[in-house]
Protein chains: 2
Amino acid sequence: MKIKISICYNGKNFVGWQTQNNGRSVQEEIEKTLSFLFDEKTKIIGSGRTDAGVHALSQVASFEISSNRFLKNFTLDSQLNSDKLINAINANLPSDIKILSAEEVGDNFNARFSAKQKAYLYRLQVGTNPLTDGFVGNVNLMPDIKAMKKASKHLVGEHDFSSFCSSKTETKTFVRKIYKIKIRKVSPIEFNFEITGNGFLYNMVRIIVGTLYEVGIGKKTAKDIKTILNSKDRKKAGKTLPASGLYLKQVLY
Amino acid sequence: MKIKISICYNGKNFVGWQTQNNGRSVQEEIEKTLSFLFDEKTKIIGSGRTDAGVHALSQVASFEISSNRFLKNFTLDSQLNSDKLINAINANLPSDIKILSAEEVGDNFNARFSAKQKAYLYRLQVGTNPLTDGFVGNVNLMPDIKAMKKASKHLVGEHDFSSFCSSKTETKTFVRKIYKIKIRKVSPIEFNFEITGNGFLYNMVRIIVGTLYEVGIGKKTAKDIKTILNSKDRKKAGKTLPASGLYLKQVLY
């Protein structure tokens with residue numbers, strides 16, 4: 001039986017989604033819990049990695065369980081009892097990870113390769129605040145939202161995003177499609193960027209927001225975005241903003 | 001020279017406002033920073049204590065500095081340079097405390113005894129969420145906001161709040177005046193309670209919200225509030241909700 005779960009997590013105390021040998025990973029914590037509950041070694045496949053400090057409002061993962069396994073008090077028979085499964089998993093997970101939903105999916109479902117769209121949220125904050133520390137990316141100057149909105153239009157559509165990708169990557173193609181970039185001022189000092197696309201390169205959202213911020217403070221112009229895209233040169237784009245402001249918001253299949 | 005400061009802090013990793021010998025306190029961190037900056041032992045007086053885990057959007061404190069002291073690069077002469085002072089303090093404070101404002105006040109100002117009004121915010125959340133852990137008080141059931149609003153009206157005004165005060169207190173009079181209780185639903189799972197009064201007893205806000213929640217889930221009625229007040233018996237009121245949902249929002253002088 002294949003099960004798809006959606007997961008919320010606070011990335012602050014994780015080395016990231018993927019299991020590594022230098023600290024706690026989200027994947028590892030969930031696999032540990034599932035392996036304990038089903039009493040068989042269980043591996044999960046996520047829709048993609050998230051870096052250390054990056055949060056998820058709704059990451060998606062899938063795993064396979066032998067149909068005859070027992071989950072504490074109930075058998076996983078043909079009819080999956082989602083609520084019971086969710087509660088059992090959450091009761092055994094640490095408080096910085098929570099399963100939001102669980103459903104049975106077809107055998108050909110793959111959380112990574114079946115993903116059609118992803119949406120990321122970036123919370124950009126001017127100045128620091130003890131109560132948002134670790135939950136936003138901090139910058140020093142107040143950006144102009146109109147300038148950032150204008151500039152963002154040049155990024156929408158299918159482009160080679162080499163300039164907006166960290167050099168530490170193993171990707172073969174740098175062409176991605178951005179469907180939408182929504183920028184809102186949500187408080188006197190906070191801006192939210194929501195970016196939806198068919199897929200994202202390594203650090204792509206953080207570099208895009210970093211570049212739009214530089215337009216917002218007059219360091220770059222909206223027109224520069226076109227030049228940066230065409231250059232296919234990472235050095236031409238803006239800085240990579242901190243992981244703490246980034247949230248994987250939704251994965252669509 | 002007497003200086004009044006307003007302070008924002010994340011209470012998560014503090015034993016509370018007041019210096020104790022079992023961990024980090026907000027008072028101690030600020031005193032350490034001021035004593036270092038002015039190179040003289042500096043004591044601060046807060047508007048009141050906050051417990052371990054309680055946050056402050058704007059706590060107020062005051063301290064006295066010999067007028068001839070040097071603050072790193074500038075002398076504290078007759079004209080106080082607030083921005084320079086704020087920046088110097090913040091540069092030396094840990095990231096979970098931040099000074100928001102600083103101004104010179106008269107010699108007879110006392111952050112504790114001159115306070116006329118205080119406003120507290122309580123963030124009540126139904127269920128848990130990894131991204132709000134430590135920033136809200138969690139409950140299990142969805143309360144009815146109309147019932148809570150109706151019940152809250154009985155608390156507004158001058159009353160003996162003995163029933164809404166933790167027994168661990170050294171107060172002499174239990175009479176306090178509540179000016180306003182505002183309850184809002186801010187998300188499908190979060191309710192904000194804002195309570196303004198001339199002063200608050202130990203745990204008073206957390207017990208008030210805990211009691212209103214019990215009205216919200218039908219465990220108590222609005223009328224019960226009157227009976228609870230009259231009983232002057234802590235056991236009649238609801239549970240003390242967790243410190244994590246409580247924020248000192250404003251102190252008025």
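In chain B, the buried residues of helix H3 pack against strand E10 (175-187), strand E11 (190-197), helix H4 (204-216) and helix H5 (222-231). Buried stands here for under 20% relative accessible area and exposed for over 50%, with partly exposed in between (1.4 Å probe, protein chains only), while contact requires heavy atoms within 4.5 Å. Helices (H or I, at least four residues) and strands (E, at least two) are DSSP runs numbered from the N terminus.

This is a predicted model, in which local features need pLDDT of at least 70 and side-chain atom pairs count only at pLDDT 80 or more, whereas totals for chains, interfaces and linings use all residues. Residues are numbered from 1 along each chain as its sequence is written, chains are lettered from A and ligands numbered from 1 in the order in which they are written, and side-chain values use heavy atoms, without hydrogens and water.

Which residues of H3(B) are buried? Within helix H3 of chain B, which spans residues 145-152, they are B:Met148, B:Ala151 and B:Ser152. When the helix is viewed down its axis, these buried residues of H3(B) fall within an arc of 100°, taken from the directions to the C-beta atoms, and they therefore line one face of the helix. On the other side of H3(B), by contrast, B:Lys146 and B:Lys150 are exposed.

A:Ser152 counts as buried because its relative accessibility is 4%. Leaving aside residues up to four places away in sequence, A:Ser152 touches A:Ile181, A:Ile183 and A:Leu212.

Helix H5 of chain B, one of the elements against which the buried residues of H3(B) pack, holds B:Leu229. With a relative accessibility of 8%, B:Leu229 counts as buried. Its partners, again not counting residues up to four places away in sequence, are B:His154, B:Leu155, B:His159, B:Asp160, B:Phe161, B:Ser163 and B:Phe164. B:Leu229 and B:Phe161 lie 68 residues apart along the chain, yet 6.4 Å separates their C-alpha atoms.

The fold of chain A as a whole has 5 helices and 12 strands, and its C-alpha atoms fill a box of roughly 60 × 40 × 30 Å, taken along the principal axes. Of the 253 residues in chain A, 53% are buried. If one considers the contacts in chain A between residues at least 6 apart in sequence, 70% of them join residues at least 24 apart.

The same surface serves both copies, since 100% of the contact residues of chain B recur in chain A.

The contact takes 17 residues from chain B and 17 residues from chain A. Between them the chains bury about 1,300 Å², of which 65% is on carbon and sulfur atoms; buried area is the accessible area (1.4 Å probe) that two parts lose on being put together, summed over both. B:Lys98, B:Pro130 and B:Leu131 supply 50% of the area that chain B buries against chain A, more than any other three residues.
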